[in-house]
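Please go through the charged pairs of this protein and one further residue, working from the structure shown below.

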Amino acid sequence: MQRIYIFKRFERFWHWSQALLIVTMGVTGFEIHGTYHWLGYETAQSTHTTAAWFLIGLWVFAIFWHFTTGEWKQYIPTTENLLAMMRYYVTGIFTHAPHPFRQTQLTKHNPLQRLAYLFVKLLINPLIWISGLLYLYYPQWEALGLGWLHLGDVAMVHLFAAFLMVIFFIVHIYFATTGHTATSHIKAMITGYEEVDDGDREEDAKGAPSREPSV
């Protein structure tokens with residue numbers, strides 16, 4: 001196995017900070033919803049709102065980073081090897097078949113990952129942003145000309161988006177354990193380095209630098 005540098009420092013910071021904030025918002029959000037009682041409604045609400053503002057700030061900066069570094073191209077959908085990836089996850093992963101996708105710094109996500117992340121960025125995130133901000137500024141709806149909205153509908157959209165995020169989170173954790181070891185992908189998001197087969201090394205050298213850049 002060879003180690004190649006895939007995930008930059010900011011990506012790792014963004015990934016783990018986002019995970020922490022999403023878990024915090026999920027835990028407090030479902031307590032606000034009344035699913036269970038732990039922190040108490042007032043503490044859960046203030047923690048949820050604070051985490052939401054941190055997450056919005058992080059997302060805004062991450063969007064800026066993606067566009068200024070060109071990393072947004074990592075999320076462009078592609079059908080290349082899409083069927084091969086689907087076959088791998090349905091059967092190949094259980095028969096130790098060769099992985100049909102090889103990561104480089106220029107192609108970090110396989111076709112299914114690109115679709116999943118694009119789904120999160122274009123649907124789940126906007127639903128959470130918009131419904132959450134509407135919920136937060138409910139007292140100002142009349143002044144903002146939004147008096148025609150119904151709080152119950154907005155709450156339902158926010159809850160629906162939260163469940164979508166929970167589903168994505170669980171699936172994401174499962175696929176994080178499907179590397180050549182159960183923790184190899186998780187270690188890569190800590191160190192930045194993925195381990196690849198020796199046979200891929202020559203192509204890696206063509207696709208991306210292996211030394212660690214500054215960001």
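Predicted model: local features only at pLDDT ≥ 70, side-chain atom pairs only at ≥ 80, totals over all residues.

Q: How many salt bridges does the model hold?
A: Side chains of opposite charge can pair when their charged atoms come close. The rule applied here asks for a side-chain nitrogen of Lys or Arg within 4 Å of a carboxyl oxygen of Asp or Glu. By this rule the count is three.

Q: Which residue forms a salt bridge with Lys8?
A: The closest N and O atoms of the pair are 2.9 Å apart. Lys8 sits in the loop between strand 1 (2-5) and helix 1 (9-32), and its partner lies 63 residues away, in the loop between helix 2 (41-69) and helix 3 (82-90). That partner is Glu71.

Q: Is Glu71 buried or exposed?
A: Buried means under 20% relative accessible area. The relative accessible area of Glu71 is 6%, so Glu71 is buried.

Q: Is Lys8 buried or exposed?
A: The cut-off for burial is under 20% relative accessible area. Lys8 has a value of 12%, so Lys8 is buried.

Q: What residue pairs with Lys108 at 2.6 Å between the closest N and O atoms?
A: Lys108 is in the loop between helix 3 and helix 4 (111-136), and the partner belongs to helix 1, 97 residues apart from Lys108. Both residues of the pair are buried. The partner is Glu11.

Q: How many residues apart in sequence are the parts that Glu71 and Lys108 tie together?
A: The side chains of Glu71 and Lys108 meet in a salt bridge, at 3.2 Å from N to O. Glu71 lies in the loop between helix 2 and helix 3 and Lys108 in the loop between helix 3 and helix 4, so the parts tied together are 37 residues apart.

Q: Which residues are linked in a network of salt bridges?
A: Lys8 pairs with Glu71, and Glu71 also meets Lys108. Lys108 in turn forms a salt bridge with Glu11. The network therefore links Lys8, Glu11, Glu71 and Lys108.

Q: Is Leu136 buried, partly exposed or exposed?
A: Leu136 is found in helix 4. Buried means under 20% relative accessible area and exposed over 50%. At 35%, Leu136 falls between these limits, so Leu136 is partly exposed.

Q: Which residues are in contact with Leu136, leaving aside its neighbours within four places in sequence?
A: Contact requires heavy atoms within 4.5 Å. With the neighbours within four places set aside, the residues in contact with Leu136 are Thr49 and Trp53.

Methods: Residues numbered from 1 in each chain as written. Heavy atoms only, no water. Helix = DSSP H or I, 4+ residues; strand = E, 2+ residues; numbered from the N terminus. Buried < 20%, exposed > 50% of the residue type's maximum accessible area, 1.4 Å probe, protein only.
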